[in-house]
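Please look at the sequence and the model first.

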Amino acid sequence: VELGNGQKALFWSDRWLQGKSLIDIAPCLYNAVNNTARKKRTVAQALQGDQWIGDIAGALTVQVILEYLKVWDLTREIVLAEERDDRICWKWTQDGSFSTSSAYRAFFIGQHPTQGAPILRKARAPAKCEFFIWLVIHDRCWTADRRRRHGLQDDDSWALCAQLPETINHLLIGCSFSREVWFRVLLGVGWVSIAPTIHTVSLVAWWTDVRKRIQKDDRRGFDSLVVLVCWLLWKERNGRTFDRRARTTQEMNDVVVEELAAWLREGFKHLQPMLAALGVDTGRSSSAM
């Protein structure tokens, strides 16, 4: 509250004293005040003849007395402007005016942004695939490494290459099998220069970096492709782990093309140029929609 005549600002609960309320400045003293005064006593009323002192009804502990003396000193400096009304200010903007955008930003104060979340929010893919990527970027997939960390199993070996522990990043982009799948797929659509290498260790970091090197008009298609390949690699991992079946990298490439065509038929029209680059006749799919 920007103090004017003190007729609107509440003495005990509003933020009128150096940008703070007496709840913040003197919490023990505040707890010793009766409820009626907390809700109704204005600053103008409280400062007139120091009526706020009469609101104190609780036990006078040492801390209450110390806080009382502190408030006494602070209120000696207050001068009301009788010609001006109190102004309620919005503290999340510099000019004190409310805006919806500032209110939205205030919800996230103190939170750390999750890398990859803004890209995923804009990516177009079936809901189950998007949810899977959400689990990936939050490291919540039940890989062998995570199950071992939770004491659910002793072995954390990776089903595709059996070289390193099965983490979600190694599964989707780090192992030799996954990298070859990415190479074949990206070669087919003309993006082989951004294929992950042996030095690529994080899916989200790679995704965030390489999409900047793709033309803006093609980024939607690339984002969908990343979601699709990750989803199919996860399904391949599950097939090898639970069903004892395995595909080659060429078979994986064929499955990617089939799934892209299926997604196009389901309405993901931005995939049509990518399928055309792969040599797939999309005329039937587009006419069907």
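## Helix pair

Helix H11 passes helix H13 in a right-handed crossing. The model is a predicted one. H11 covers residues 176-188 and H13 covers residues 219-242; their axes lie 11 Å apart, at an angle of about 140°. That angle makes H11 oblique to H13.

On the H11 side, the residues in contact are Phe177, Ser178, Val181, Trp182, Val185 and Leu186. From H13 they meet Phe222, Leu225, Val226, Val229, Cys230, Leu233, Glu236 and Arg240. Sorted by class, this contact has 11 nonpolar residues, 1 polar residue and 2 charged residues.

## Largest pocket

The largest pocket holds about 250 Å³ of space. Its lining consists of Tyr104, Phe108, Gln111, His112, Pro113, Thr114, Ala117, Pro118 and Arg121. Helix H7, residues 117-122, contributes the most to this lining, with 3 residues.

The lining of the largest pocket has 5 nonpolar, 3 polar and 1 charged residues.

## Second largest pocket

In the second largest pocket there is about 150 Å³ of space. The residues that line this pocket are Val189, Trp191, Asp217, Asp218, Arg220, Gly221, Phe222, His270, Pro273, Met274 and Ala277. At least two residues of the lining come from H13, and at least two from helix H15 (272-277). By class, the lining of the second largest pocket divides into 6 nonpolar, 2 polar and 3 charged residues.

Phe222 links two parts of this report: this residue of H13 is in the contact with H11, and Phe222 also lines the second largest pocket.

Definitions and conventions:
Residues numbered from 1 in each chain as written. Predicted model: local features only at pLDDT ≥ 70, side-chain atom pairs only at ≥ 80, totals over all residues. Heavy atoms only, no water. Axes fitted to C-alpha atoms, helices over the stretch in contact; angles between N-to-C directions. Helix = DSSP H or I, 4+ residues; strand = E, 2+ residues; numbered from the N terminus. Parallel < 35°, antiparallel > 145°, perpendicular 65-115°, else oblique. Left-handed = near helix turned anticlockwise from the far one by under 90°. Contact = heavy atoms within 4.5 Å. Nonpolar A, V, L, I, M, F, W, Y, C, P; charged D, E, K, R; others polar. 1 Å grid on protein atoms, 1.4 Å probe; cavity = no way out; pocket = protein on both sides within 12 Å on 5 of 7 lines; lining within 4 Å. Points joined across faces, edges and corners; volume = space filled by probe spheres on them.
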